[in-house]
Amino acid sequence: GGEGSIATCFSVERALSTFWHADVDVQNGLVWLKEHGHFEGYLSQELLPVFDCALPVKTRAISWQGHIKMVSAVQPFLSGGVSKCVTGDTVLTTNYGLIRIGDLYDGESSDTFRDLKHFAVPNTQSVCGSVVKAPTFYYGGTKPVWRVTLSDGRSITGTATHRLRVAEEDGLSWRSTPAVRVGDFVALYRGAELWGNASFPPITYTSLYGAQHKTFKAPLDGSFNLGQFLGMLTADGHLTQSNYVVGLTKNCSQVLERFQFLLESLFGLHATKRVDNRNGVTRVEVGSKSLHEWLRGMGFSKRRVLDSIMCGSRAMALGYLSGLYLDGYIAANHDIAICQKSRTLLNDVQTLWDNLGVLTYFTHNVVKGKDYPVLHVNGGDKQRAASLIEWMEPHKQERASRIPLGRDTRLFP
């Protein structure tokens, strides 16, 4: 990430002294090293490994595994030797989808490494979609951290040695987290289009509830329809634990019919449409203890996007966004946005958009003294975002069809 310099390590002279007893041999060795930058052609093959370095010199170098193990061996005695860490809620874009780095933790002790198999991350030095191996997971334990927050609402929290790419006069350069200053431009990587195929966790079902002996089938894998059902449930759905009701409220027949179809096709459950005579509000509901237990086992929450979606297929992610944006809007000025109580949910939604190559940013809507986060699609990506979502409500379909090709009006160095 930066420039380097070459200098002879003081320990080289001591190491040469262990092989020769005459000072002249040591001095000749140092002269050779200064002229050639290595000992190949001067030392025997059995002695060359003693002087191997992490950076390749001619035909020799320590393997990357060897370098990591060497640095980790002295890690407890050096401040920040390799502890370029981020907090556990940081989402990684990988060949397994979008993974919270904390989920990789498997009980390791502080300052320890674990090998990863078949794990890869985006190659930021190449075209989108290409990856490089990430063969090692490091756990640093508890350490002081710094947080960097960008103007679009993104933030990252990491140790002092974690680095970000910042725009300088002569291009991008790496800068440690504490060294990032207000007004700096930080590089983002989006549009990786790396998706997973997450398997579902095992679900434990208890005895059936009362007379609700309904046939229930659990989906075996992710799909657009399953993602859409979960997104709709997050946006306008409700769960009633006392009688195991799962339902959705919306005064739009197309939306209610779609929810009924998804309950039937995904879970084999027949839902009933009801109208509240007091206010005319229409809802679709089904009572199913098994569906409640399935949702709980999947980790369903209105505060986070499910891991099965973050690590799932592209189709499942698009289905989820299509369902979730029942709670979103398209304004007359073509603004595509969604407001939710949970900032953590919208942070995950922003990460999904990032993977799709759609840039988003946050604003705030203050209602009666309470601050609600609002996630907007950037002007240059509105048309693309509108085409990716399957809008169910007719007025949103009509507005989405009229969104022009926008442009990014932000200023960069």
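Trainee: Are Glu-393 and Lys-396 buried or exposed?

Mentor: This is a predicted model, and the answer holds for that model. Glu-393 and Lys-396 form a salt bridge, with their closest N and O atoms 2.7 Å apart. To count as buried, a residue must have under 20% relative accessible area. Both Glu-393 and Lys-396 are buried.

Trainee: In the salt bridge of Asp-276 and Arg-278, what is the relative accessible area of Arg-278?

Mentor: The side chains of these two residues meet at 2.7 Å, N to O. Asp-276 is buried, because its relative accessible area of 15% is under 20%. Arg-278 is exposed, and its relative accessible area is 75%.

Trainee: Arg-175 and Asp-184 also meet in a salt bridge. How does Asp-184 count, by its relative accessibility?

Mentor: The distance between the two side chains is 2.5 Å, N to O. Arg-175 has a relative accessible area of 16%, so Arg-175 is buried. Asp-184 has 27% relative accessibility, and therefore counts as partly exposed.

Trainee: Leaving aside neighbours within four places in sequence, which residues is Trp-353 in contact with?

Mentor: Trp-353 is one of the core residues that touch the most other members. With those sequence neighbours set aside, the contacts of Trp-353 are Leu-321, Tyr-325, Val-358, Thr-360, Leu-375, Ala-385, Leu-388 and Ile-389.

Trainee: Where is Glu-193, whose phi is positive?

Mentor: Most residues other than glycine have a negative phi. Phi of Glu-193 is near 55 degrees. Glu-193 is partly exposed, at 28% relative accessibility. Its place is the loop between β10 (171-176) and α4 (224-236).

Trainee: Tyr-244 is another residue with a positive phi. What is the relative accessible area of Tyr-244?

Mentor: Phi of Tyr-244 is near 60 degrees. Tyr-244 is found in the loop between β11 (237-240) and β12 (245-249). Tyr-244 is buried, and its relative accessible area is 15%.

Technical notes
Residues are numbered from 1 along each chain as its sequence is written. This is a predicted model: local features need pLDDT of at least 70, side-chain atom pairs count only at pLDDT 80 or more; totals for chains, interfaces and linings use all residues. Side-chain values use heavy atoms; hydrogens and water are left out. A salt bridge is a side-chain nitrogen of Lys or Arg within 4 Å of a carboxyl oxygen of Asp or Glu. Buried means under 20% relative accessible area, exposed over 50%, partly exposed in between (1.4 Å probe, protein chains only). A nonpolar core is a set of buried Ala, Val, Leu, Ile, Met, Phe, Trp, Tyr and Cys residues joined through side-chain atoms within 4.5 Å. Contact means heavy atoms within 4.5 Å. Helices (H or I, at least four residues) and strands (E, at least two) are DSSP runs, numbered from the N terminus.
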